[in-house]
Every structure is written in C-alpha cells, then in structure tokens.
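Could you show me around this structure, one selection at a time? I have it open in a viewer and would like to know what to click on next.

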Amino acid sequence: MKSFFLISVLVFILSACGQNYTPKPTGYFRIDLPAHEYEKYSGNCPFVFEYPSFAYLLPDTGFQTEPCWFNIYFQGYKAQVHLSYKPVKGNLNELAEDARRLVYKHTIKADAIHERLFSSPKTKVYGILYEIRGNVASNLQFYLTDSSRHFIRGALYFNVKPNKDSLAPLIEHFKTDITHLIETFAWNEVSN
C-alpha cells in the first residue's frame, strides 16, 4: 500500500510539472452602463443644457459655493461632474488660465492631456474639453464661455482611487455625456 501511495504521488508530481503556468491579468467587475438619454436643465442660472437622464442635479454645498454651482451625480457609479459658473467682469483671461492651470496640475500623474476645441457662433458658446489620461483625480474637464459675460467650468470626479484600467469604460461613457452637455449648452436669451 505504501508503494502504491508513493508511486501515485510521484506520478502526480511529474504530471504537474509538464504544463507552463501563465499568469492571468487582474479582472474587473462588469459594469452595466445605461443608454444615452438626456433631460434638459433650465433653472435660474443664465444657461441651459442637456444632461444624462440617469443622473441628478444637486446644488453644491461645499465651502465657498456661489449661485449656479452644482453637481451632476451619476448615481451608482460614484461619479459626479462639478459645475461652477462665474460672471465675466473683465477677467476672462484669468478665468480661462485658472481652468487651464487646474487641468495641467495633473501633469505629474497624467500619461497625456488632449484638448478639444468647441465653437458655436450661433449660440455664442466657445470652450475646451480636456481629456486627461492616466491615474489622475479628474479625467475630463472643460470650460465654456461666451467671451464677454459668462464662464462655466466643469470637472468629472470619481469617489474612488484612480485606476485608469477599471475606470476606462465609465470615462468613455461619461465623455459621450459631457460632450453632449457641451454641444447642447446655450446661454439663456434673457441674459444676453
């Protein structure tokens, strides 16, 4: 019986050594993303836009908030877009430079930063969408202005540790939604 056990163990050990082990990459949970459907925002602020219907808007309750500062929450995804509006009072260059500076603070951890210009003379909406690639705190940021009276800045944040691989599907999905927000953005007729 002892010899049978030793032979069995020896056969098992020799047969186990015949295969090459290949390490498997880290797996991530499957994320079900909703369809791209939109609702129109038209509140007491000097602008209108369309945002995803699965998201909801809440006023910003952080420190030093101002009127027309709010967040678009993507419920169930631990993500939000912070929107902050400022009236332009001869300080457009300062506001645009501040937005650019906040984007380029991510240079330390960013793999790349891509800029996409938006220009709609019909609605007087001009701006830049920044796509920041890598393990950064905010992968998408933008600003929009009419070049004379209005300025709004937006930034997408996740309430999780940055991981470009696991967040990539969400970032791409929200990039479509943010691009739609920008393309449907218009200044209120009353304020022009």
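Here is a short tour of a predicted model, with something to select at each stop.

**Stop one: the sheet.** Select the strands E3 to E9. These 7 strands form an open sheet, and walking across it you meet them in the order E3-E4-E5-E9-E8-E7-E6, with antiparallel pairing. Now pick out the edges: strand E3 (56-59) and strand E6 (110-120) each have a single partner strand, so one side of each is left without a neighbour in the sheet.

Select residues 69-74, strand E4, together with residues 79-87, strand E5; the two pair in the antiparallel sense over 6 bridges. Which residue is the bridge partner of Ile72 in E5? Click on Val81 to see that partner.

**Stop three: the helices on the sheet.** Select residues 92-104 to bring up helix H2, which packs on the sheet and touches E5, E6, E7, E8 and E9. The direction of H2 makes about 10° with that of E9.

**Last stop: a surface patch.** Show Phe5, Leu6 and Val9, which form a nonpolar patch on the surface with about 310 Å² of accessible area together. Val9 sits in helix H1, residues 2-16. Its relative accessibility is 34%, so Val9 counts as partly exposed.

Definitions and conventions:
Residues are numbered from 1 along each chain as its sequence is written. This is a predicted model: local features need pLDDT of at least 70, side-chain atom pairs count only at pLDDT 80 or more; totals for chains, interfaces and linings use all residues. Side-chain values use heavy atoms; hydrogens and water are left out. Two strands pair if DSSP finds at least two bridges between them. Helices (H or I, at least four residues) and strands (E, at least two) are DSSP runs, numbered from the N terminus. Contact means heavy atoms within 4.5 Å. Axes are lines fitted to C-alpha atoms, for helices over the stretch in contact, and angles run from 0 to 180 degrees between N-to-C directions. Patches are made of residues with over 30% relative accessible area and no salt bridge: like charges are joined within 9 Å, nonpolar side chains (Val, Leu, Ile, Met, Phe, Trp, Tyr) within 5 Å. Accessible areas come from the Shrake-Rupley method with a 1.4 Å probe; for residues, only the protein chains shown count as cover. A salt bridge is a side-chain nitrogen of Lys or Arg within 4 Å of a carboxyl oxygen of Asp or Glu. Buried means under 20% relative accessible area, exposed over 50%, partly exposed in between (1.4 Å probe, protein chains only).
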